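This briefing goes through the pockets and cavities of one protein model, with the terms explained along the way. Please keep the sequence and the structure in view while reading.

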Amino acid sequence: MTRPLILHPDRLLPADPATRGIALALYDQVAHLPIISPHGHTDPAWFATDAAFENATELLLKPDHYVFRMLYSQGIALESLGIGGGSVDPRAAWAIFAANYHLFRGTPTRLWLDWVFAEAFGLDVQFEAATADHYYDTIGTALATPAFRPRALFDRFGIEVIATTESPLDSLDHHRVIQESGWSGRVVTAYRPDAVVDPEFEGFRANLARLSDLTREDAFGYDGYIAAHRQRRAFFASMGATSTDHGHPTTATADLSPADATALFARVTADTVSRADAELFRAHMLTVMAGMSIDDGLVMQLHPGSFRNHNPSLFARFGRDKGADIPMATDYVHGLRPLLARYGNDPRLTLILFTLDETSYSRELAPLAGHYPALRLGPAWWFHDSPEGMRRFRQQVTETAGFYNTVGFNDDTRAFMSIPARHDVARRIDCGFLAGLVAEHRLEDWEAAELAVDLSYTLAKRAYKL
């Protein structure tokens, strides 16, 4: 016996009837606003080629580390899901997913996927072992139609602009194809320099050699290395980029003299590098990048506090981004001080801070953003991109930083189909939070209505210069 799949219209809104009524009125005003997706990891090739997605597994399972990390945690081999390049029947991998869908109860992944199943594909029965083939075939039939090509979905989802994220070593050929195609969809890139900024990034020296080839600068000399960054940033901006993104393990920043920076660069480009030098170089380059952002206008994002590739055997077998990144405690007050001492008072810089350490919200992040003109707070991120995480974020930062030192919502995802679902969750949670302030007579209803639009649309567009 199959059970119905129902998306309750009041989901995620306050349980109190009076407050829920206020939230519903607010939500009705923002539910269908265009989506600004200013930071994410979708593949620009999807929009360049506009090729049909292959099947349910390739679309919804294999690219989504939120999904397969949960399955792996229950002892399910990634190889059985087709992760890692092995030959696996995609229907068989999908059946494993279906049989274990109960693992996602209570998680944001369940919310996102149920939205995709019901709203995007019109499925009306629960996803489980008994309905695996029905889901697989229904999704596969839909994907074979023009309405489910990437560009058609982009338009259907109401996406106004989406930013992908590329390395300085990327040719951006897919972005060029998009620009020259005549399609009206706006897909821009973002400059993610980790591969040539982090001396502990795999293949760092080879990456510098590639950077030299691309720019015709000597990226093994400090002056040439800095010039190469400036050149690639200018190229990214010419291809639509409005932001950079930095995925450092900590928030350490440093402001070295030219002589000290040159000496440090010589050490980190040697055959071996100490952990202390690697950290100091990353710290220095964050400050350098902030200065470059003042010069070229690119918004700067910092995503720190993740212990990347915590599972060494998994990393050796499958590489990066396989669900083994773990949050760490993060010190923003001391870590950012050298950068802020130099550039934090300059309103030409926009540095958007994210955290995986929620203990820093009210203690560090909100007070910092509530003071420095250069700082803004990114939304609840990654492990905290959830209803509870979003509520905690608003509760802990609003009283000190207000709403207007935050930047709305970004989905930060590889899972293209989940983008409208994620934005819908954020809009519902924010409307519920605002409704509580109205019910407590801390906001007027017209103020809450303006804020609902700002949090759903305006702040992200303004902060990311989109």
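The model is predicted, so to speak of local features a pLDDT of at least 70 is needed, side-chain atom pairs count only at pLDDT 80 or more, and totals for chains, interfaces and linings use all residues. Residues are numbered from 1 along each chain as its sequence is written, and side-chain values use heavy atoms, with hydrogens and water left out.

**Second largest pocket**

- This pocket holds about 430 Å³ of space, where a volume is the space filled by probe spheres set on the grid points, which are joined across faces, edges and corners.
- Two or more lining residues come from each of α1 (17-30), α6 (108-120) and α20 (419-439), and α20 gives the largest share, four residues; helices (H or I, at least four residues) and strands (E, at least two) are DSSP runs numbered from the N terminus.
- The lining divides into eight nonpolar, three polar and six charged residues, where Ala, Val, Leu, Ile, Met, Phe, Trp, Tyr, Cys and Pro count as nonpolar, Asp, Glu, Lys and Arg as charged, and the others, Gly among them, as polar.

**Largest pocket**

- The largest pocket contains about 1400 Å³ of space, and of the 47 residues that line it, Arg 192, Phe 201, Arg 308, Arg 320 and Asp 321 are the closest to its centre.
- Among the elements that each supply at least two lining residues are α2 (44-49) and β6 (306-307), while α14 gives the most, with three residues.

**Cavities**

- There are four cavities of 30 Å³ or more, and the largest cavity has a volume of about 90 Å³.
- Residues lining the largest cavity include Pro 379, Met 390, Phe 409 and Asp 430, and α19 (387-401) and α20 are the elements that give two or more residues to this lining.
- The second largest cavity holds about 60 Å³ of space, and α6 gives the most to its lining, with three residues.

Definitions and conventions:
1 Å grid on protein atoms, 1.4 Å probe; cavity = no way out; pocket = protein on both sides within 12 Å on 5 of 7 lines; lining within 4 Å.
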